Amino acid sequence: MSPGLKNRSSLNEQRRLAARKQHLFLRARMVQAIRQFFIENDYLEVETPQLIPAPSPEVHIEAIRAGNQFLHTSPEICMKQMLGAGYTKIFQISKCFRQGERGNLHLPEFTLLEWYRTGIDYNHLMKECEALILWVSRNLDMGEKLRYQGMDIDLKAPWERISVSEAFFRYASLSLEMALKKGTFDELMVNEIEPHLGVTKPTFLCDYPVSLAALARLKPGNPDFAERFEIFVGGLELANGFSELTDPQEQRARFERDLKQRCNSGKQVYPMAETFLKSLEHMPEAAGIALGIDRLAMIFANRSKIDHVVSFTPEEL
Amino acid sequence: MYNASDLRKGLKIQIDNDPYVIIEFQFSKPGKGQSLYRCKLRNMITDVILDRTYRSGDTFQPAVLEERKMQYLYEQENEFCFMDVENYEQTFLTADQVGDAKNFLTDNLEVEILFFEDKAIGITLPNFVDVTVTKADPWAKGDSVAGDTKPITVETGYLLRVPPFVGEGDRITLDTRTGEYVTRVKE
């Protein structure tokens, strides 16, 4: 490379980072506000290993191999083991890694906030989400209303709640049952449903079909659905939470089902997370959630691409 | 063979035996669902645009395209004839396939012809082409100001505006990407 070219590319690099400066400042303040929220609500901040022997066997999440172990795709398994050992309120902000995920809303290395609390179910957890986001917004001096990509979004509680089957009925060209049967659940969700969610208020999309909830508890009295929800703001998927499944037998059966499906579709097969399954024997009722920090920064910074709220994307290294 | 994770803007793949180029690409992945690769594709022969959503596990044949250096020979009944400069084989493109490139096709001009499986499907011109002005009004000094232009016709029948000093019989250089006048050629 000629010295001229090198200078030009380092100049572009400086310009790119300078243009992102205000978003990165906002992001840093946002993360500080999140920490403060959890500390004031008596949560313990924890750090669990990013290098783990057995990732959660999600059918559609690919872990990155590191030596003879894996980089975690979320801290879920380790954090739940802590619940089984007597920790009652814990949170963590950590880097997570998922192979092949790259788009306007995806980075293969991204930041997740996860928090878990014993003695509550997903209804209570949804209330905590409302309080957290409102707290962060006020701490960023942005009040209770948010402007995101031309939408005016009211953050005040209560947020909208809609079940997955209701959302299919209202927005999609097929019913939930038909979509599951034809295997087009994901396409319809992305193309027809998500754009309508969280447009005037954040939306909780609740009660997923049991086949789409690997680690969530079933709804009492309605075993076809699990107590899982996602949060949407301005059409953007922000978080995924649920009442935790605490039955080790049921959890083992679902893991075996998912590992088999991974195996059948030719994906890398993970070892069974035995230590985790053992810890479930002591796990109390609890609820937990993973929230994308990069996505939340996109929303507060009013950006449409995840690239704008991180210092470096993989392509920029 | 390509996998879904190879898909990106600019990649050329085969669908139903036609070559397509991906003109828009978006990766999406709902919740814990599967990866979706949403593509807008342009048929490289018909220009028809398709929207397709692919998933991981889908595979694709690459569209094998080859560019050959060829010389423009003549036009006959809406067909344009080109000759391979190495083996003298002749091939034809329709007026639709040639499109606006016909404005710059001077006799014996060397161009790149795009082939998909031995079928000519498109043309790439050099960025700059020299042509002869065949019709131009004389420059009436005095009744024009700097920056003025006047209409002329060149040997291919193409009509454009040029500075007033360009006269009939002049050789001029055109930018084939914009269709605009660049300079007068000094013989």
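Where in chain B is the place of Asn108(B)? Select the loop between helix 1 (95-98) and strand 10 (110-116) of chain B, and Asn108(B) is there. Its phi is near 65 degrees, a positive value in a residue other than glycine. Helices here are DSSP runs of H or I with at least four residues, and strands are E runs of at least two, numbered from the N terminus.

Before moving on, a word on the model: it is predicted, local features need pLDDT of at least 70, side-chain atom pairs count only at pLDDT 80 or more, and totals for chains, interfaces and linings use all residues. Residues are numbered from 1 along each chain as its sequence is written, chains are lettered from A and ligands numbered from 1 in the order in which they are written, and side-chain values use heavy atoms, with hydrogens and water left out.

Next, show both chains. Chain A puts 22 residues into the contact and chain B puts in 13, where contact means heavy atoms within 4.5 Å. About 1,600 Å² is buried between them, with carbon and sulfur atoms giving 49%; buried area is the accessible area (1.4 Å probe) that two parts lose on being put together, summed over both. Color His60(A), Asp186(A) and Val190(A): they supply 30% of the area that chain A buries against chain B, more than any other three residues.

Four salt bridges are counted between chain A and chain B (a side-chain nitrogen of Lys or Arg within 4 Å of a carboxyl oxygen of Asp or Glu). For one of them, pick the side chains of Glu58(A) and Lys32(B), at 2.7 Å, N to O.

Now stay in chain A and select helix 5 (residues 164-171) with helix 7 (residues 185-193). Their axes come within 11 Å and cross at roughly 60 degrees; axes are lines fitted to C-alpha atoms, for helices over the stretch in contact, and angles run from 0 to 180 degrees between N-to-C directions. Helix 5 and helix 7 of chain A are therefore oblique to each other (under 35 degrees is roughly parallel, over 145 roughly antiparallel, 65 to 115 roughly perpendicular, the rest oblique). Show side chains: Val164(A), Ala167(A), Phe168(A) and Tyr171(A) in helix 5 meet residues of helix 7 including Phe185(A) and Leu188(A).

Last stop: go to the loop between strand 8 (151-154) and strand 9 (160-163) of chain A, where you'll find Pro158(A). The peptide bond from Ala157(A) to Pro158(A) is cis, with omega near -5 degrees.
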